[in-house]
Amino acid sequence: MSGRVGIIGGGSSGITAVKNLLDAGFSDVVCYERRDVIGGLWCFKENTSTWKDESCVNRSTVINTSKEFMAFSDYPMPDYYPNFCHNEDVEAYFLDYSQHFGVDKYIQRNTEVMYLKKHSSYNSTGRWEMRLKNHKTGQETTEVFDFIIVANGHHGAPNLPSIPGLDKFKGKTMHSKEFKDVRSVEGKKAVVLGIGNSGGDISVELSKYMKVFLSTRRGAWILHRLADNGLPLDVFFHVRLSYYIQSWLPRSYRIKLMKDKLNQKFCHDLYHLTPVHEPDATHPTVNDELPNRIAAGMVKVKPNIQSFTEKGVTFEDGTHEEEIDLVVFATGYKVEYPFIEKGVLEVRHNKVELYKYMWLPDLPKQTIAFLAVCQPLGAMFPIAELQSRLAARVFKVLEDRFKNVIALKQIDL
C-alpha cells in the first residue's frame, strides 16, 4: 500500500506531478484545483478577480520558448503547432496530456486548499492535514496526507510599488495580471512600469492604439525568438557543440560576443536601454516587436517613475508627461503561501530558501516538496517534470523507510 499524496494546484506543474507519482507506484494521489479548469495561468480567463492571487496570460500571449523545449519529455507538442504557439494551444496541450496519461481523474476541480498544517502525528509520521473547500457545494472537509506537493506556482499575488502621489492620480491603474487586451482600456497615453516579458508584451499591444511610455529602472537586453538561420533561438543555442565551445571561452569574451550580437539587431545604447547587468545575469526579455515599436516612436523608453500628479507622471530624469490615461504596473508578483501554517516556511525578500528549489531544509520530515519556485532561462514545464520525478523518488525512499520502522516495532512487540 502506497502513501497518500496531496497535490496543490492543477497547472503545468500539478499535472506532471500526478503523472510522475503514478509512474513511481503511488496509487492514492489527489490533485486539488480551485478553478473549474486545469492549466493554471495558461488557461485564459476574462475575469481573474475571484481571488487576489489568481492570474492568467493575456489574450494574445504566445510562448517565448520553442514548443520543442517547452514540452514534457514524454509527450511532444503536435507537429502542426507553430514553433511559438498561442496560449490556446498550450491549454489544449495540457488537456491532451492529462487525458493521454489518465491524469484527469485524479484532479478535483473547484476545490480550494484553505489551510495546510502539520498533522498532530507529524513528528513521528511526517503527515499533513489539509482543510478543503468545495466551491460548488460550499462544503468544507479535512484530509490527511503522507506527502504534499505544492504546485500552485509563484505568479499570483501582484507586487505593487509605493510611489509618491499615486493615491492622487485620476487615471486608471492596474497590475499586468489584470490586463487582458486593449479592448479593456482606453485613452491616448499610457505608462507601463517594468520591462520584463509582461511589460514588453503589454507595451507592444497598447502602442498599436496609443502612445506608450515604457518606464524601466535598469534597462534590459532584448532577445528575439529566432536566430539568424531562422531556427528558434533555443534550438540553435542549446546544442552540445555550443556548450562545448562556451566551456572553453572566457566569460568576458562570451559576454562581448553576446552583446555585439544583440546590438546588431537593436542598438540598446541608442534607445537608452543598455542595462548595468550582463545579458546572462538575469531573466531575459524576449520580444520581437518591441524594438520596432520603440524605433517607430510609439513606445518611448523612460527611467523609473519618481512621482504622480493628478493627470501626469514625473520620471527620475526630471521629465514630466501630462494627460496620462492609463498606468500598468508590470512589476512582478509576491511569493506567498497564505494557506500554509506559520512557521513551516518564511518568505524573505520575496524568496523562500529551498534546497534544490524544492525542499525546506529546516523541516525534520521532508514530506513536502515545492515545484516551479524558480525563474529558469527557458521553459518551466520540463523543470517541473524533473522536480516531480525527484519528489516521487524521495517520497518512495521515505515511505520504505517508514515501513521498515513499523516492521521493526512489530518484531519488537
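In this predicted model, the charged end of Arg225 sits over the ring of Phe84. Lys396 does likewise with the ring of Phe26. The table gives the distances.

| Charged residue | Ring | Charged end to ring centre |
|---|---|---|
| Arg225 | Phe84 | 5.9 Å |
| Lys396 | Phe26 | 4.9 Å |

The whole structure holds 24 aromatic pairs. In one of them, Trp359 and Phe395 have ring centres 6.1 Å apart and planes at 85°, so the pair is edge-to-face. The two residues lie 36 residues apart and link distant parts of the chain. Trp359 is in the loop between strand 21 (351-352) and strand 22 (368-370), while Phe395 is in helix 10. Trp359 is buried at 7% relative accessible area. Phe395 is buried too, at 0%. Elsewhere, one aromatic cluster includes Trp42, Phe72, Tyr93 and Phe381.

Phe395 leads on to the nonpolar core. The largest core has 39 residues, and Ile7, Leu21, Ile149 and Phe395 have the most contacts inside it. Elements giving two or more residues to this core include strand 1 (5-8), helix 1 (12-23) and helix 10 (381-412). Leu21 touches Phe395, and also Val5, Ile7, Phe26, Val29, Ile149 and Ala392, leaving aside residues up to four places away in sequence. Another core, of 25 residues, lies apart from the largest one. Tyr32, Leu116, Leu363 and Val373 are among its members.

Five strands form an open, parallel sheet in the order 9-18-10-11-14. Its edges are strand 9 (172-175) and strand 14 (299-302). The twist averages 20° from one strand to the next. Strand 10 (residues 189-193) pairs with strand 11 (residues 211-215) over 5 bridges. Lys189 has Lys211 as its bridge partner in strand 11.

Terms used:
Residues numbered from 1 in each chain as written. Predicted model: local features only at pLDDT ≥ 70, side-chain atom pairs only at ≥ 80, totals over all residues. Heavy atoms only, no water. Pairing = 2+ DSSP bridges. Helix = DSSP H or I, 4+ residues; strand = E, 2+ residues; numbered from the N terminus. Axes fitted to C-alpha atoms, helices over the stretch in contact; angles between N-to-C directions. Core = buried A, V, L, I, M, F, W, Y, C linked by side-chain atoms within 4.5 Å. Buried < 20%, exposed > 50% of the residue type's maximum accessible area, 1.4 Å probe, protein only. Contact = heavy atoms within 4.5 Å. Phe/Tyr/Trp six-rings, centres within 6.5 Å; stacked < 30°, edge-to-face > 60°. Lys NZ or Arg CZ within 6 Å of the ring centre and 35° of its normal.
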